[in-house]
Amino acid sequence: MDFAIPAAIAEDLARFKDFIKAYIIPSLPSWNRQRGLPPAFFHHMGEGGWFSLNFKDGRLTRESALKEVLVAEALAAVSPGVAIAALAHIDLGLMGMFLFGSQDHHRTYGPDAVRGKTVMCLGNTENIAGSDVAGISMTAEKIDGGWVLNGTKAYVTNGYIADLGVITAVSDPDAARNSRLSMYLVDLNTEGVSRKKLNKQVWIPSDLTRLKLDNVFVPDDHLLGIRGRGLQQVLEIFTNSRVPISALTLGGAVGAFNLAVNHMQKRKIFGKKIINYQAKAFEISDYYAKIESARLMLWKACWDFDQADDFRQAASMAKYLAVEIARQVTVWAADIFGAASVVHEHPIHKYPMDTWGASLGEGTQDVQKLIIFREFMKRWRVNADRLPHQTKSRLVPDP
Ligand SMILES: Cc1cc2nc3c(=O)[nH]c(=O)nc-3n(C[C@H](O)[C@H](O)[C@H](O)COP(=O)(O)OP(=O)(O)OC[C@H]3O[C@@H](n4cnc5c(N)ncnc54)[C@H](O)[C@@H]3O)c2cc1C
């Protein structure tokens, strides 16, 4: 097993860290004040090649998962709120088009989206249904030449700025629960779309928006994937985006940890630097080991993905562990700063709050446990005499 980061990815990562220093860090105070990201952020990310989807030979293509998670972790170490905007654009919105869009969708919308010239989002959650995806109520009524969508998506990251949305709606209300939904590519600058930015306290400066669709017409060729498969399709998007959101969560833990360790080396209490109290040094050991273990699980999920192995369980375990560990590390790190940590403008303040956001996106901890258990039992049944993790299944069958 080789844990070395391939040279090309290591070089890209070094360039990305320079980009963070030169562009992201100086811009953060103003983005945070405005509680929003300018179009230029998406342009620079796209032009630098920092999104994990590319456009090549007339199609969207996907990069190595390892590179994607290293980029997401580095960005989130500085600002989980900036990282989530990139993730929602690429791994939620564009991912829907990558996985389920036609060649025409790829050709028409792909190039501008990967360059960050158009921004995307995914609208699934409603007030009445989040974890229970099949319980949504937005309607899609079939008419000549297309569909008419009505309803409200309650929590949409990038919903305030997105040009295109991947939206789930009930197309077949009388069908079985798992075949009632379809997925649509919706032009959000069209008549009937209204947006309300919510006043949230996590993942600043990204926006969280209520998206209302009032008799919005969607042409037939904007159905994504297969009619009636919207539930399965949106769950597949979440499986994929669980890998980068684990990296984002881990990045938040790393960012908070680094700030705390720096502070411990400077701040003197009762004549001694905090780091020189052994009780505190042991806390560093404890959290450092936990961060490393979360990263190993995440890299395992990337490995499974890059080998085209079934990465569903690994992705959920990566998310579950990243959130558990980030919850501990970020609160600990804030505590190291004492009272200063409660002040909104203090750099450490955002990290515990952002872990809260990360615990919800792409499924709560309970949802991760449901998936881990379901996958565990599948493997256990097939191979009860071996440890379940020794059994491999492939997402893409061997040729
Ligand atoms: C900052 C932020 C950004 C978001 N961005 C987006 C976005 O871009 N697009 C989008 O569509 N959604 C988005 N969401 C919504 C997010 O995906 C949902 O909040 C999440 O799926 C949980 O759904 P819910 O809030 O309805 O909670 P609920 O589903 O109502 O869950 C409530 C509680 O019940 C528990 N629970 C649920 N099911 C089970 C079960 N089977 N067994 C035991 N316990 C269970 C949950 O773990 C949780 O503790 C965002 C949310 C936040 C906070």
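In β5, N150 is the bridge partner of T139. The model is predicted: local features need pLDDT of at least 70, side-chain atom pairs count only at pLDDT 80 or more, and totals for chains, interfaces and linings use all residues. Residue numbers start from 1 along each chain as its sequence is written.

**Exercise 1.** Describe how strands β4 and β5 pair.

*Solution.* Start with the terms. Strands are DSSP runs (E, at least two residues), and helices are DSSP runs too (H or I, at least four residues); both are numbered from the N terminus. Two strands pair if DSSP finds at least two bridges between them. Now locate the strands: β4 covers residues 139-143 and β5 covers residues 146-157. They pair in the antiparallel sense, over 5 bridges. Last, look at the turn. The hairpin has 2 residues between the strands, and G145 takes a positive phi near 80° there.

**Exercise 2.** Find which residues come nearest to the ligand, and sort the shell by class.

*Solution.* A residue is near a molecule if its C-beta atom, placed from the backbone, lies within 6 Å of it. There are 24 residues around the ligand, and N124, G130, S131, T364 and D366 come nearest. Elements giving two or more residues to this shell include β5 and α10 (365-382). By class, the shell has 12 nonpolar, 10 polar and 2 charged residues. Here Ala, Val, Leu, Ile, Met, Phe, Trp, Tyr, Cys and Pro count as nonpolar, Asp, Glu, Lys and Arg as charged, and the others, Gly among them, as polar.

**Exercise 3.** State how far apart the C-alpha centres of domain 2 and domain 3 lie.

*Solution.* Take the bounds, which come from an automatic or database domain assignment: domain 2 is 121-228 and domain 3 is 232-390. Their C-alpha centres lie 30 Å apart.
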